[in-house]
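Please open the structure in a viewer and keep the selection panel at hand.

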Amino acid sequence: MKYKLGTMAVAGLMAASPVMADLVFPSLSYRTGPYAAGGIPFADGYADYFAMLNARDGGIGGVMTKVIECETGYNTEKGVECYESTKGEGSLVYQPLSTGITYQLIPKTTADNIPMHTMGYGRTSAANGDVFSHTFNYPANYWNGASGAINYLLNENGGSLDGKKIALVYHNSAYGKEPIRTLQELSAKHGFEFKEVPVDHPGQEQKSQWLQIRRDKPDYVIMYGWGVMNQVAVQEAANIRFPMENFIGIWWSGSENDVLAAGDAANGYKALTFHGVGSDFPVFDDIKTHVVDAGNAAGAGDQIGTVLYNRGLYAAMLAAEAVKTAQAIHGVADITPAQMRDGMEALEITEEKMAALGLPNFGPSFNVSCANHGGDGLVGVTQWDASTKTWSLVSDFAPTDMDVIGPLIAEDSAAYAAENNIEGNC
Amino acid sequence: MNEQLAFTIEVFANGLMAGVLYALVALGFVLIYKASGIFNYAQGVMALFAAMTLVGIQNGQVPFAHLINAIFGTDVHKFGWSVHSFVAIVLTVFVMIALAWAVQRFVFRHLVGQEPIILFMATIGLAYFLEGVADLMWGSELKALNVCSSDGTCLPQGMNMWLEGTTYEALGYGFFIDNLDIVASIVAVILVVGLVMFAQYTKQGRAMRAVADDHQAALSVGVSLNFIWILVWSLAGFVALVAGIMWGAKSGVQFSLSLIALKALPVLMLGGFTSIPGAIVGGLIIGVGEKLFEFLIGAPFLGGATENWFAYMLALLFLVFRPQGLFGEKIIERV
């Protein structure tokens with residue numbers, strides 16, 4: 001009886017408590033399972049940036065931030081459960097970190113009036129804000145990636161890829177197939193021969209695919225892989241002595257995890273990116289001082305500066321800047337998810353702003369608008385140095401071919417709008 | 001040499017090599033199923049656990065470091081030393097024996113006489129438990145695996161240059177074979193010969209076979225069921241370690257290593273669940289079959305990536321004619 005009374009008293013107190021005045025950022029992380037090696041550094045970077053803002057600045061606009069982590073295991077069902085269990089906490093923006101979860105959450109977040117940020121993944125045509133009111137995929141999407149790779153190769157080949165052969169090694173899933181249409185269009189435009197080489201999940205055995213590449217002798221290989229597929233592909237490419245400098249992965253195939261297992265053989269491998277690499281940025285000093293040294297790091301503090309840690313940190317920084325924008329628009333510090341959406345839609349990232357945040361030249365400058373939720377789609381290229389075990393940026397963040405990508409986005413989003421009876425939001 | 005013929009031979013040879021790697025995984029399943037009738041769902045996770053333990057010991061990693069640090073507020077991660085590969089392998093074998101003992105003592109000892117489906121469910125639970133323990137013990141990050149001898153020679157990776165050069169001179173086309181696959185094949189042959197000799201010529205091996213034939217009869221003549229099951233799980237743990245090393249050398253040691261079990265299932269269906277030679281022959285047939293199908297039909301006509309489903313289709317096709325698999329025991333039950 002005492003136990004029951006106690007439970008009722010606690011429940012009553014909880015129900016009567018005012019809503020915590022925190023800026024809540026759910027982190028749908030995956031620290032367990034087959035993809036944990038990629039999920040951990042991202043989640044650490046995301047959490048550490050907000051922890052730094054709390055410790056250094058007292059939060060954002062005077063309101064403390066709070067990260068609620070929910071383990072998805074990179075599983076779509078668990079991801080949706082995480083969304084349902086955290087959306088009532090005042091969650092300002094979701095980063096599902098999975099294309100599968102993203103597809104499930106697009107209608108849910110729209111109905112619940114909570115914005116979602118799918119940075120470099122998810123549904124590419126969500127860049128059309130006129131149709132996808134609550135989904136944002138700035139600063140770049142999969143199609144920008146495909147075009148960015150081709151633009152880079154155009155530069156490498158004096159502006160012409162005529163007569164060249166380019167193979168796409170891709171994860172045989174909705175994600176991996178994303179760039180095919182774009183690359184087909186670009187193949188027709190630039191005159192290169194395009195070859196598709198699918199790899200079935202999980203990609204632990206790719207002998208057939210790389211023997212095929214050995215026979216076909218493409219000039220370049222572009223890869224859209226994930227998880228173990230990346231490590232095996234890099235090793236197999238080295239095995240057949242494919243020149244690593246002609247092998248370019250999308251940003252989900254371009255972390256330390258993807259190249260370390262192959263050792264020296266991975267030297268020269270390239271990957272696309274939409275953010276800076278390494279830890280040579282002032283913000284990391286603040287992270288170390290205010291978070292790691294204070295014992296508040298999300299992980300062991302040993303992931304700082306790795307590609308995926310930086311990506312998590314970059315995502316957190318963009319979310320924080322959207323909060324500031326929303327606070328300025330609405331004149332309140334403790335914003336709602338709907339106001340956060342407005343902030344994301346009016347987000348402007350400039351080099352001056354990045355430098356002031358301790359991230360000079362860390363990412364591209366871009367603007368978001370009601371119609372354009374994808375930003376400017378600027379893409380850079382990084383290269384792996386096996387001797388120093390570091391990535392370095394080997395190109396500028398360059399524009400992608402929006403003449404090709406724009407119509408594809410319009411076509412796909414129009415189909416979604418027709419299926420779901422969506423009228424223009426802008 | 002005709003180019004298409006050369007490509008076909010190359011694909012065939014690489015299929016054989018891939019088949020050996022599949023067979024390495026399948027062997028662990030066969031050992032346990034043969035001796036105890038348990039389909040060990042956790043075999044893939046055992047390979048992961050063994051490989052993680054090996055790398056952890058090699059690198060001088062403190063086991064359960066995150067847990068220790070979280071509880072005691074310490075900041076320990078490494079002992080500060082590295083262990084030679086051979087010593088690390090021996091220590092890992094001891095860990096796998098301890099695991100075998102624990103599995104027998106805390107799980108299967110309490111399930112003696114239960115239906116096979118109960119035992120199977122127990123191995124599913126074991127798989128999740130072991131995965132969690134491996135995560136807590138060694139962390140989730142990807143680890144490079146280098147098994148090296150005392151003179152610094154490590155597991156070879158990359159194309160066999162001698163073979164490529166020789167075949168190029170002789171046939172006008174240089175064949176590709178991965179050095180690691182050659183090593184895996186040699187190791188697999190040694191492993192199978194060793195296992196067969198152990199089963200045939202040692203007292204423990206004969207006791208193991210007796211338990212496999214009829215565990216009640218074996219019990220009645222004084223064979224310790226507990227000991228035999230620990231022995232079998234230890235052997236399966238050793239096979240898991242070998243599979244973990246070979247697959248881990250290709251992709252690094254990470255949690256998706258446990259998914260290699262998926263590659264063993266069609267091999268078991270085809271070769272039979274109770275035959276060690278069946279695992280090898282099944283592995284070779286699956287390896288060659290899927291690679292040739294991908295090369296001749298899958299990639300040119302079906303868009304590629306046919307290997308996963310074709311392996312299962314091939315196994316099912318065999319099952320139509322031999323439900324017990326190529327080398328499996330035919331079970332006739334009275335109705």
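Predicted model: local features only at pLDDT ≥ 70, side-chain atom pairs only at ≥ 80, totals over all residues.

**Chain A as a whole**

Chain A has an average pLDDT of 93, and 95% of its residues score at least 70. Next, select residues 1-20 of chain A, where the pLDDT is below 50. Beyond near neighbours in sequence, this stretch has one contact in the model.

**The sheet of chain A**

Now select the seven strands of the open sheet in chain A, which follow the order β6-β5-β7-β8-β9-β12-β13. The pairing in this sheet is mixed. Which strands stand at the edges? They are β6 (193-199) and β13 (390-393) of chain A; each has a single partner strand, so one side of each lacks a neighbour in the sheet. On average, neighbouring strands of this sheet are turned by 25° against each other, direction ignored.

Within the sheet, select β8 (residues 247-249) and β9 (residues 270-273) of chain A. These two strands run parallel and are joined by two bridges. A:Ile248 has A:Lys270 in β9(A) as its bridge partner. In general, strands of a sheet pair through backbone hydrogen bonds, either parallel or antiparallel.

Helix α6 lies across β5 (165-171), β6 and β7 (220-224) of chain A, and its direction is at about 160° to β5(A).

**A helix pair in chain B**

Turn to chain B and select helix α2 (residues 43-58) together with helix α10 (residues 225-251). Their axes come within 7 Å and cross at roughly 70°, which means that α2(B) is roughly perpendicular to α10(B). Show the side chains where the two helices meet: among them are B:Met46, B:Leu48 and B:Leu54 in α2(B), and B:Leu241, B:Ile245 and B:Trp247 in α10(B). By class, this contact of α2(B) with α10(B) has 12 nonpolar, four polar and no charged residues.

**Where the chains meet**

Finally, display both chains. How many residues does each chain give to the contact? Chain B gives 35 residues and chain A gives 36 residues. On the side of chain B that touches chain A, α1 (3-36), α10, α12 (276-301) and α13 (307-321) of chain B each supply at least two residues. The largest share, five residues, comes from α1(B). By class, this side of chain B has 14 nonpolar, 12 polar and nine charged residues.

Terms used: Residues numbered from 1 in each chain as written. Chains lettered and ligands numbered in written order. Axes fitted to C-alpha atoms, helices over the stretch in contact; angles between N-to-C directions. Helix = DSSP H or I, 4+ residues; strand = E, 2+ residues; numbered from the N terminus. Parallel < 35°, antiparallel > 145°, perpendicular 65-115°, else oblique. Contact = placed C-beta atoms within 7 Å. Nonpolar A, V, L, I, M, F, W, Y, C, P; charged D, E, K, R; others polar. Pairing = 2+ DSSP bridges. pLDDT = per-residue confidence, 0-100.
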